[in-house]
Amino acid sequence: MAQRISGTPGTLGQQPVEELPRKAAETTPDNPWPLSLLSRNIKSYIDRMSAVWIEAQVIEFNRRGKASYLTLRDTDEEMSLPVQVFSSVLDRVETPLSEGSRVVVNVKADFWLKAGRMMMRANDIRPVGLGELLARLERLRRTLAEEGLFDPDLKQPLPFLPNRIGLITGRNSDAEKDVVRNAHLRWPAAEFEIRNTAVQGPDAVPQVRAALAELDADPAVDVIVIARGGGSLEDLLPFSNESLIRAVFAARTPVVSAIGHEADRPILDDVADLRASTPTDAAKRLVPDIHEERMDLLQARASLDGALDRLLRSEQAGLDSVRSRPVMAQPMTMVSAREEELAALITRARQAQRSSLIQGAAQIEHLRAQVRALSPLSTLERGYAVVQTADGSAVRDAAELSTGDGVHVRLARGRFDADVTTIHPDAPGPDTLD
């Protein structure tokens, strides 16, 4: 806006044009710009802007004579833009435009000086065909796969019986009815937290993302279902939106995709933790069948009862076998046998003791006889005597005594004292006595 009008000096009111501020920031209440200068500066600035190719969806199309008007909306966010298009540009479009068409438009900003209004002008319009859409989706699918968003190891398992099921679907849609009805048929106590959103068009992506974030933050929700009952490729484009795909990948709660479109599957099917072919199929995968579970419980109970009965029978048979053994039938048999063995051992011990005592007594008598035979008393019993001097020494030789010595004489029974009166040194020894 810092441009100044060049040309012949003149006056504007009482103020020379050459004295106007060169920049918009330099204007003051006492030295303002005229409106025409501002408008020309705006137009000059906008005219320098380059044309740009944009992709959008046609939500309103009013065809008139020479100039027609389009209202374009962003494919992902709630933003729209009016665009003027001349008949010459529309005549070059091979496929007639209609509301809902996805297009790529070359637009250039234009500013009308007299009305002070800016308008986007379309220089070229190219409808995005089905083949181009599929090619874009495949490129995005490959890119996300290379980043690992479809890795099976990263997918979260669904809970066996969720506490509460989050459901994102269209308002009063058949998909909502199918999921809720079939889930309740399988498990009547199933609880739902339903968020109704747009499921096609430019409002679908922001609304589905907001509902996903809200349900993912709810700790009572154990699984989230995004459901729609099929549709054309263009209708399902929001479920291949990159921002939505990344939001599903980042969700902490398991996500089930139930778009119900076998051909040209949306990318949501690849990133979801579980893909259901239809909303009905999703309901069957969310909760178990109560009738099947009851039957499984009955079968498990019957199997457990049979196993327990067989175990009891086996243990009873083992117990009967143990009880039928002799030692259990007559438990005193073992004690009696040990008692007899103990009595026999006692008898043998006593006999051995008695025999040992007899042998010991005989041996003692034998030794006693030997001792008696060798004892000096035996000699004394035959009439011999032991003569001892006064100091107790035995007299073996008469020469050891003197006349008048006193001696002690010991006999077999008793003893006496005597005095030596006569000594016969040559008297015969004991061997010469009769």
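Okay, let's start at Ile226: skipping its neighbours within four places in sequence, it is in contact (heavy atoms within 4.5 Å) with Ile168, Val208, Phe239, Val248, Val255, Val256, Ser257, Ala258, Ile259 and Leu268. Quick caveat: this is a predicted model, so local features need pLDDT of at least 70 and side-chain atom pairs pLDDT 80 or more, while totals for chains, interfaces and linings use all residues. Residues are numbered from 1 along each chain as its sequence is written, and side-chain values use heavy atoms, with hydrogens and water left out.

Back to Ile226. Along with Ile168, Phe239, Val248 and Leu268, Ile226 has the most contacts inside the largest nonpolar core, which has 31 residues. By nonpolar core I mean buried Ala, Val, Leu, Ile, Met, Phe, Trp, Tyr and Cys residues joined through side-chain atoms within 4.5 Å; buried is under 20% relative accessible area, exposed over 50%, partly exposed in between, with a 1.4 Å probe and protein chains only. Helix H5 gives this core its largest share, five residues. There's also a second, separate core of 21 residues, and Val89, Leu90, Val105 and Ala109 are among them.

Now helix H1, residues 35-47. Helices (H or I, at least four residues) and strands (E, at least two) are DSSP runs, numbered from the N terminus. Leu37, Ser39, Asn41, Ile42 and Ile46 are buried in H1, and the buried residues of H1 pack against strands E6 and E7.

E15 pairs antiparallel with E14 over five bridges, where pairing takes at least two DSSP bridges.
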